[in-house]
Amino acid sequence: MNFNTKVIHGGQHHESTTGSVNVPVFLTSTFAQKSPGIHSGYEYSRAANPTRQALEDSLASIENGARGLAFGSGLAAIDCVLKLLNPGDEVIAVDDLYGGTYRMFTRLFEKYQLKFTFVNFDDVSQISKVITDKTKLIWIETPTNPLMKLVDIKAVVEMAKGKDILVAVDNTFATPYIQRPIDLGVDIVMHSATKYLGGHSDVIAGALVAKDIELGEKLHFIQFASGGILGPHDSYLVLRGIKTLALRMQRHSDNGLAVAKYLEKHPAVEKVIYPGLESHPQYDLAKSQMKEAGGMVSFTFKSGKKEDAIKFLERLKVFTLAESLGGVESLANHPALMTHASIPAEKRAELGITDDLVRLSVGIEDAEDLIADLEKAFS
């Protein structure tokens with residue numbers, strides 16, 4: 001199937017008893033057995049639930065993976081990946097990380113003797129300098145949050161080849177509509193399904209897709225043993241969101257480009273960071289591994305003042321000042337005070353997450369209305 005067909009039909013089946021076109025929400029914790037150990041494939045909903053299974057099959061299909069898993073949040077999904085590792089193992093991660101991921105790495109898992117090294121992946125050769133025989137995982141975000149840096153996925157996969165190192169990609173910003181990391185050789189794809197996969201700001205969810213069945217079974221065991229599953233109703237909401245993913249992502253991308261071009265010409269703006277602009281330092285890489293540039297845009301002010309960013313955000317009317325991203329409605333965020341506040345100030349400064357940086361999640365409204373709202377906020 002092509003992608004637009006996969007988001008609707010990939011891995012999906014009509015409900016066997018009634019022929020229901022949509023998967024029912026199976027609100028059950030347990031399942032009747034014909035005889036001890038003899039059942040229909042479902043025993044207890046922590047292990048598997050038909051509604052969650054339908055979502056997990058869809059996730060595997062749209063990412064071209066072997067096994068999908070749905071979690072109670074994106075961080076629960078990341079937690080599952082890290083539990084593949086053992087004390088003493090080392091993780092190499094891109095330096096410009098979502099604040100919650102950085103917090104989990106440094107404040108939770110470091111105390112279990114995992115070592116995390118944060119590297120600027122702009123120059124992939126820098127990764128090879130920190131790889132040791134204890135390195136077991138390379139963690140990528142591309143585009144990164146919030147600085148919209150790109151990572152050459154193929155180059156990282158090639159560097160890890162033959163070294164017993166897993167490569168995982170947080171594909172939340174791009175979604176499989178824009179890039180498919182498993183096709184580029186990675187082992188695990190992760191999503192905060194709260195964002196574009198759900199798409200309507202009405203659910204908290206996470207997802208993993210494994211490249212092969214063996215790895216998928218290891219991840220499923222951890223999910224089952226740790227219990228970070230997604231409930232059936234939330235599974236239904238994400239599955240419903242996926243059905244319109246292609247349409248929404250194209251609109252997000254079209255609007256994102258329009259907003260980025262507007263910002264690039266505005267006299268109050270110092271820098272616009274958007275992979276679809278030729279001014280982006282990795283524009284050629286974006287063209288090679290991404291179908292579109294997505295709906296996430298970051299920018300800074302010529303004044304460099306936090307106060308100007310705050311005033312701008314307070315004046316917005318169509319854009320909503322809120323954390324999160326990827327919903328049909330446009331959102332605006334101040335990373336230093338909101339999503340990335342858990343990253344120490346000195347680390348933010350080192351990365352370039354300045355106090356005047358604004359991150360926009362451009363929704364699917366009319367682009368003219370979004371630009372008019374931005375214009376009023378600047379005035």
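Helices (H or I, at least four residues) and strands (E, at least two) are taken here as DSSP runs, numbered from the N terminus. The structure is a predicted model, so local features need pLDDT of at least 70 and side-chain atom pairs count only at pLDDT 80 or more, while totals for chains, interfaces and linings use all residues. Residues are numbered from 1 along each chain as its sequence is written, and side-chain values use heavy atoms, with hydrogens and water left out.

H252 is a handy place to start. It lies in helix α10 and is buried, with a relative accessible area of 0%; buried means under 20% relative accessible area, exposed over 50%, and partly exposed in between (1.4 Å probe, protein chains only). Contact here means heavy atoms within 4.5 Å. Leaving aside neighbours within four places in sequence, H252 is in contact with Y196, G294, G295, G326, G327, V328, V362, G363 and I364.

Neighbours within four places aside, G199 is in contact with T194, R248, G326, G327 and V328. Phi of S201 is near 55°, a positive value in a residue other than glycine.

V238 itself belongs to the buried set of α9, along with S235, L237, L239, G241 and I242. Helix α9 (residues 232-243) has 12 residues and reaches 17 Å from its first C-alpha to its last, close to the 16 Å expected at 1.5 Å a residue; that expected span is 1.5 Å times one less than the number of residues. The buried residues of α9 pack against α1 (3-9), α2 (50-62) and α10 (245-265).

The contact draws 39 residues from domain 1 and 40 residues from domain 2. Between them the domains bury about 3,200 Å², 62% of it on carbon and sulfur atoms, where buried area is the accessible area (1.4 Å probe) that two parts lose on being put together, summed over both. On the domain 1 side, L150, Y177 and Y196 lose the most area to domain 2, together 24% of what that side buries.

Helix α4 (residues 99-109) has 8 of its 11 residues buried, so it is largely enclosed by the rest of the structure. Those buried residues are G99, G100, T101, Y102, M104, F105, T106 and F109. Their cover includes α3 (74-82), β2 (90-94), β3 (115-119), β4 (135-141) and α13 (345-351).

Then there are the rings. Rings of Phe, Tyr and Trp (its six-membered ring) pair if their centres lie within 6.5 Å; planes under 30 degrees apart count as stacked, over 60 as edge-to-face and the rest as tilted. By this rule the count comes to 12 aromatic pairs. One of them, F31 with Y42, is tilted, at 5.5 Å centre to centre and 35° between the planes. Both residues lie in the loop between α1 and α2, so the pair ties together parts that are 11 residues apart in sequence. F299 and F312 have ring centres 5.5 Å apart and planes at 85°, so this pair is edge-to-face. F299 lies in strand β9 (residues 296-301) and F312 in helix α12 (residues 306-315), so the pair ties together parts that are 13 residues apart in sequence. F299 and F312 are both buried, and F299, F301, F312 and F378 form one aromatic cluster.

P143 is found in the loop between β4 and α6 (153-160), and P146 lies in the loop between β4 and α6.
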